[in-house]
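Me: I want to learn how to read a structure one feature at a time. Please take me through this one.

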Amino acid sequence: MEMLTVKDVKKSFDGVEILKGISLTVEKGGVLAIIGPSGSGKSTLLRCITQLETVDAGEISICGESLVKNSPTGTAVYSDKAACAKIGLHIGLVFQNFNLFPHFSVLQNITEAPVRVLGKTKEEANKLAHELLEKMGLQDKADAYPYQLSGGQQQRVSIARALAMNPDILFFDEPTSALDPELTGEILKVIRELASEHMTMVVVTHEMKFARDVADKVIFMDDGVIVEAGTPEEVFGHTQNPRTKAFLARFNEN
């Protein structure tokens, strides 16, 4: 079953075309890694899929529900507000800079949306939050505030917060880029565990080894287009594309 379908999506800012016709699909339980240089459009694509930006043209469907389609004139037409809100509940997003509420405790950060948006009782939300904190190895941090946590701990809280909404697809926008190198491993370990549980995920990442080892499909983007797409073995092991080769060679040197 296709959980995410993107067809010929285009997006411009101030007349500059950032996405130049992106198409991709993600199957249920699949892990898609999106790699590419800074400025290639990776994060913009995620923001369009998760409704943080609107597209200019193209189609996006999530869990079989249409978020946006093209009009006969080729411009984007979104579903109504209620439908867009419902589609948004299928999605979880983990930001690179955590985006935790600084004035909320860890427990409050995780329980706020399930109570306000999903209508869970406080007891239900608290029970789930404690289960997720245990899963993240943070069971002793429920009453802490974000400023009292390391970057890696904050990012694990933000993953728990996203999971508390029971999303069908989890999106990660460079989840380790704001972390010190020694903290990166703990976040990648959590994502690996979610992959082993067959969580459907889309991960924008600069971690090439992680993308090669965990994803079952890899997309290389550059200058607003998909240059290459395939299995990790095809992209990392057997690419014949000169642009992909040059990009990966730069990482292999580091």
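Me: What is the relative accessible area of Asn99?

Reply: Start with the scale. Buried means under 20% relative accessible area, exposed means over 50%, and partly exposed lies in between, with a 1.4 Å probe and protein chains only. Asn99 has 41%, so it is partly exposed. Before going on, know the ground rules. This is a predicted model, in which local features need pLDDT of at least 70 and side-chain atom pairs count only at pLDDT 80 or more, while totals for chains, interfaces and linings use all residues. Residues are numbered from 1 along each chain as its sequence is written, and side-chain values use heavy atoms, without hydrogens or water.

Me: Where is Asn99 found, and what is its phi?

Reply: Elements first. Helices (H or I, at least four residues) and strands (E, at least two) are DSSP runs, numbered from the N terminus. Asn99 is in the loop between E7 and H3. Its phi is positive, about 55 degrees, although Asn99 is not a glycine.

Me: What about Glu174: buried or exposed?

Reply: Glu174 counts as buried, because its relative accessibility is 12%. Its loop runs between strand E8 (169-173) and H6. Glu174 is also a non-glycine with a positive phi, about 45 degrees.

Me: How many helices and strands does the protein chain have?

Reply: Nine helices and 11 strands.

Me: How do I read the overall dimensions?

Reply: For 254 residues, a compact globule would come out near 18 Å; the protein chain has 18 Å, so the two agree. Along the principal axes, its C-alpha atoms fill a box of roughly 50 × 45 × 35 Å. Of the 254 residues, 49% count as buried.

Me: How much accessible surface does the chain have?

Reply: Accessible areas use the Shrake-Rupley method with a 1.4 Å probe; for residues, only the protein chains shown count as cover. The total here is about 12,100 Å², and carbon and sulfur atoms own 50% of it.

Me: How do I judge which parts of the sequence meet?

Reply: Count contacts, meaning heavy atoms within 4.5 Å. Take those between residues at least 6 apart in sequence: 62% of them join residues at least 24 apart.

Me: What should I look for in the interior?

Reply: In soluble globular proteins, nonpolar side chains tend to be buried together. A nonpolar core is a set of buried Ala, Val, Leu, Ile, Met, Phe, Trp, Tyr and Cys residues joined through side-chain atoms within 4.5 Å. The largest core here holds 47 residues; Ile35, Ile159, Leu170, Phe172, Leu194 and Met201 touch the most other members. Helix H6 (residues 181-196) supplies the largest share of this core, seven residues. A second, separate core has 30 residues, among them Met3, Cys84, Ile169 and Val202.

Me: Which residues does Phe172 contact?

Reply: Set aside neighbours within four places in sequence. Phe172 then contacts Leu46, Val94, Ile159, Ile191, Leu194, Met201, Val202, Val203 and Val204.

Me: How do I read a helix face?

Reply: An α-helix has 3.6 residues a turn, so residues three or four places apart point the same way. In helix H3 (residues 106-116), the buried residues are Val106, Leu107, Asn109, Ile110, Thr111 and Pro114. Their cover includes helix H4 (122-135) and helix H5 (151-163).

Me: What does Thr184 touch?

Reply: Thr184 lies in helix H6. It is buried, at 8% relative accessibility. Leaving out residues up to four places away, Thr184 touches Thr176, Leu179 and Glu207.

Note on methods:
The radius of gyration is taken over C-alpha atoms; the globule rule is 2.2 Å times the number of residues to the power 0.38.
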